[in-house]
Amino acid sequence: MGESTTITHALLTIVAVLMASIFAAAVIGQLNSVINTISISIKNKSDTYRMSIAIIYAYYDASINNVTIFVKNTGDVPYSKLDNIDIFITDYNGVIDYYSSGNQTRVTLTELGSLNNVLEPGETLRIDISVSRSYVSPIEIRIVLVNGYSTTYVTG
């Protein structure tokens, strides 16, 4: 009877070690997945903080109802979603108009640099907007990027 008890204990020990190893492997696999998700999130947030644009000049031409905006990438990461820029124009009367760079009939984008559909660091983008109504000066122009970064410029 002593031998069967020893063999049983040995088998139970082997099974317990095997089960603990399987459990540890599953936990480590899930932990790696969580770590990867967190590191991707941190990188995306870091890129958001490194992204910076500035409206360097803007004007409103009342004779043709057109707003022209010059935007410069002053950050150190490129911005590739040029078809996803939101533009808000507010005039003296407080009326807010919304335009999107995805609307090709009203908004025209012209890269003043390399023509690769990416706003590279240091590159300038010209935005022409055929506005739907006349504005009373001064007007405020706010540009909002898809990552939440925004900048404001007052003209007039």
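## Surroundings of Tyr-149

In this predicted model, Tyr-149 is in contact with Met-51, Ser-52, Ile-53, Ile-143 and Val-144, leaving aside neighbours within four places in sequence. With Ser-52 there is also a polar contact between the side chains, at 3.2 Å.

Tyr-149 sits in the loop that runs between strand S7 (139-144) and strand S8 (150-155). Its relative accessibility is 25%, so Tyr-149 counts as partly exposed, because that class begins where the buried class, under 20%, ends.

## Surroundings of Ser-100

Ser-100 belongs to strand S4, which covers residues 96-100. A relative accessible area of 17% makes Ser-100 buried. Not counting residues up to four places away in sequence, Ser-100 touches Ile-85, Asp-86 and Val-107.

## Fold and overall dimensions

The chain contains one helix and eight strands, in the sequence order α-β-β-β-β-β-β-β-β. Its radius of gyration is 29 Å, whereas the globule rule gives 15 Å for 156 residues, so the chain is more spread out than a compact globule. Along the principal axes, the C-alpha atoms fill a box of roughly 105 × 35 × 25 Å.

Among contacts with a separation of 6 or more, 57% come from residues 24 or more positions apart.

## Surface and charge

Of the 156 residues, 28% count as buried. The accessible surface of the chain is about 9,600 Å², and carbon and sulfur atoms account for 61% of that area. There are 9 positive and 13 negative side chains, and the centres of these two sets lie 3 Å apart.

Key
Residues are numbered from 1 along each chain as its sequence is written. This is a predicted model: local features need pLDDT of at least 70, side-chain atom pairs count only at pLDDT 80 or more; totals for chains, interfaces and linings use all residues. Side-chain values use heavy atoms; hydrogens and water are left out. Helices (H or I, at least four residues) and strands (E, at least two) are DSSP runs, numbered from the N terminus. Buried means under 20% relative accessible area, exposed over 50%, partly exposed in between (1.4 Å probe, protein chains only). Contact means heavy atoms within 4.5 Å. A polar contact is a pair of N or O atoms within 3.5 Å; within protein, one must be able to donate a hydrogen and the other to accept it, and residues adjacent in sequence count only if both atoms are side-chain atoms. The radius of gyration is taken over C-alpha atoms; the globule rule is 2.2 Å times the number of residues to the power 0.38. Accessible areas come from the Shrake-Rupley method with a 1.4 Å probe; for residues, only the protein chains shown count as cover. Lys and Arg count as positive and Asp and Glu as negative; His and the chain ends are not counted. The place of a charge is taken as NZ of Lys, CZ of Arg, CG of Asp or CD of Glu.
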